[in-house]
Amino acid sequence: MNIEELRSEIDQIDNEICALFEKRMNTAKEIALYKKQNNLPVLDSNREKIVLDRIGQKVSPGFSTFAKKLYTCIFELSREYQNGFVPQKKYGLLGRNISYSFSKEIHGALADYDYNLINLEPEEFDAFLNSHQLAGCNVTIPYKRNACALCNELSPQAKRIGGVNTVVLRSDGTLYGDNTDYYGFLYMAQRAGIDFKGKNVLIFGDGATSATVQAVVGDQGGKITVISRRGENNYENVSRFYDSAEILINATPVGTSPNTDNQIVDVANFTKVEGVLDVVYNPVYTRFVQGALECGIKASSGLPMLVAQAKRSCELFIDREIPDEKTEEIIKRILRQKQNIVLTGMPGCGKSTVAKLLAQSLNRQIIDLDAEIEKSEGCKIPEIFEKHGEEYFRAKESEIVAKFAETQGAIIATGGGAILNTRNRRNLRKNGFVVFIQRNLENLPVAGRPLSQRKGVEKIYEERLPIYQSFADICVDNNSQIETTVNTILEQFK
């Protein structure tokens, strides 16, 4: 065949494809109308996965990947078309200064509806909720008690607690309020292996979230003491509980990004503590939780609570149950999205090269801390050492670590000595999955590395090894193929 004949054949095939595409879209419309009549969601992820697997098997192996990409696009177009016949209900999170929230991603993984973060000032909240613009919403600080007063009916849980974090607009135009934080906090405690029965529990904060926490702890048989700024038991006299408190719970926003250096109390001061819970979920590991883990104490930040309460909220929104295993699936997904992969190890162990390969595989930003120091100072690291000395360099390094540790979802390559500083370790840990890259000492280059030349690789390694090991989530060998090292990290991270 010549080129014109081949083009003619392509045109004929396209005509057939267009006719089938139109037929498929019309059938998708009929499915949408059926779903509308039967109150079913437009998106059925399991169905789409089954179809993709089947399509991949129906074509020749060389076309499987292309066919799946084509049908992924067709699914997206079908949903867009279907939504024209089944308008999506709108949902959201109402709060103040909530740009840090993970709720949009979580609800996007739970169901197919339009969910957004809505920042409101105090004078705007009542009017917005009463405007019925949303089919349902979650409510966070500082409006949980406001929402409680505006609902026409409350669940027994919300009525008892006096706070609402989930509101549903019912078909008769009335607002129904529930407290799904109760289920979320209980899930978090059980997941962390923390039992309140008979335990002396200190709860920090006396707001709406604290009321929820108190209800859970009380129902589970805990002995409660509330620490607040103005109460009889306050932050000035909290030391009286150093030798008796067994479980510590932060029910305040203290430690939330960007003020991540803050912690409600120092866990190390409490001699009998066996469990620590923090409702704050951004960063992934708050200072409060880090302090507990450093002491070998069971602990959890608030991500499991957030996801579990969101699942319960979603069930109220769509009026059907969601499998419990979905909660853990989403917790893991959010962790993978938000956590940085932090690479540590001796100078010359391959951190920068591993970082590049990981970034390519995961489509992530690379942050090379040494390179950022050089950019900030306008000269290379050996020159910084020569001009200003190690103390100056370490101070500058800590500034850079603090700045870039706020990032989420990046690959961070550290300098060899960055982890020597306790504050650096805590900053890197708050959003970090930490990898210690090991390489035999004889394979470590020393050119352009002032400390390695001055002190010797063996001496530095001896000093740093215990810190590398204790700080890392995983240790990987990098003495053979670097692709093997990268694949090991990816497997462990996922």
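Trainee: What should I know before I start?
Mentor: This is a predicted model, in which local features need pLDDT of at least 70, side-chain atom pairs count only at pLDDT 80 or more, and totals for chains, interfaces and linings use all residues. Residues are numbered from 1 along each chain as its sequence is written, and side-chain values use heavy atoms, with hydrogens and water left out.

Trainee: Let's begin with salt bridges. How many does a search of the whole structure find?
Mentor: The general idea is that side chains of opposite charge can pair when their charged atoms come close. Here the cut-off is a side-chain nitrogen of Lys or Arg within 4 Å of a carboxyl oxygen of Asp or Glu. Searching the whole structure turns up 25 salt bridges. One of them pairs the side chains of R426 and E294, at 2.8 Å from N to O. R426 sits in helix α17 (residues 422–429) and E294 in helix α10, so this pair ties together parts that are 132 residues apart in sequence.

Trainee: How do you define a helix or strand when you number them like that?
Mentor: They are DSSP runs numbered from the N terminus: helices are H or I with at least four residues, and strands are E with at least two.

Trainee: Which side chain does K311 meet in a salt bridge?
Mentor: K311 meets E315, at 2.9 Å from N to O. Both lie in helix α11 (residues 303–318), four residues apart, which is about one turn of the helix. K311 counts as buried because its relative accessibility is 9%, and E315 counts as buried at 10%.

Trainee: And what about E329 and R333?
Mentor: Their side chains also form a salt bridge, at 3.2 Å from N to O. Being four residues apart in helix α12 (residues 325–338), E329 and R333 are separated by about one helical turn. E329 is partly exposed at 36%, and R333 is partly exposed at 30%. Elsewhere, salt bridges that share partners join K311, R312, E315 and D324 into one network.

Trainee: Now the surface. Which residues form the positive patch?
Mentor: Patches are made of residues with over 30% relative accessible area and no salt bridge; like charges are joined within 9 Å, and nonpolar side chains (Val, Leu, Ile, Met, Phe, Trp, Tyr) within 5 Å. Lys and Arg count as positive and Asp and Glu as negative, while His and the chain ends are not counted. The place of a charge is NZ of Lys, CZ of Arg, CG of Asp or CD of Glu. In this model, R24, R47, R54 and K58 form the positive patch. Helix α2 (residues 45–58) gives the most to it, with three residues. R47 is in helix α2 and counts as partly exposed at 49% relative accessibility.

Trainee: Which residues make the nonpolar patch?
Mentor: M1, I3 and L6 make a nonpolar surface patch of about 340 Å². I3 lies in helix α1 (residues 3–37). Accessible areas come from the Shrake-Rupley method with a 1.4 Å probe, and for residues only the protein chains shown count as cover.

Trainee: Is K396 buried or exposed?
Mentor: K396 is buried, with a relative accessible area of 15%. This lysine, K396, is found in helix α16 (residues 390–404). Leaving aside neighbours within four places in sequence, K396 is in contact (heavy atoms within 4.5 Å) with I373, S376 and E377. K396 and S376 are 20 residues apart in sequence and 8.9 Å apart in space, C-alpha to C-alpha.

Notes. Buried < 20%, exposed > 50% of the residue type's maximum accessible area, 1.4 Å probe, protein only.
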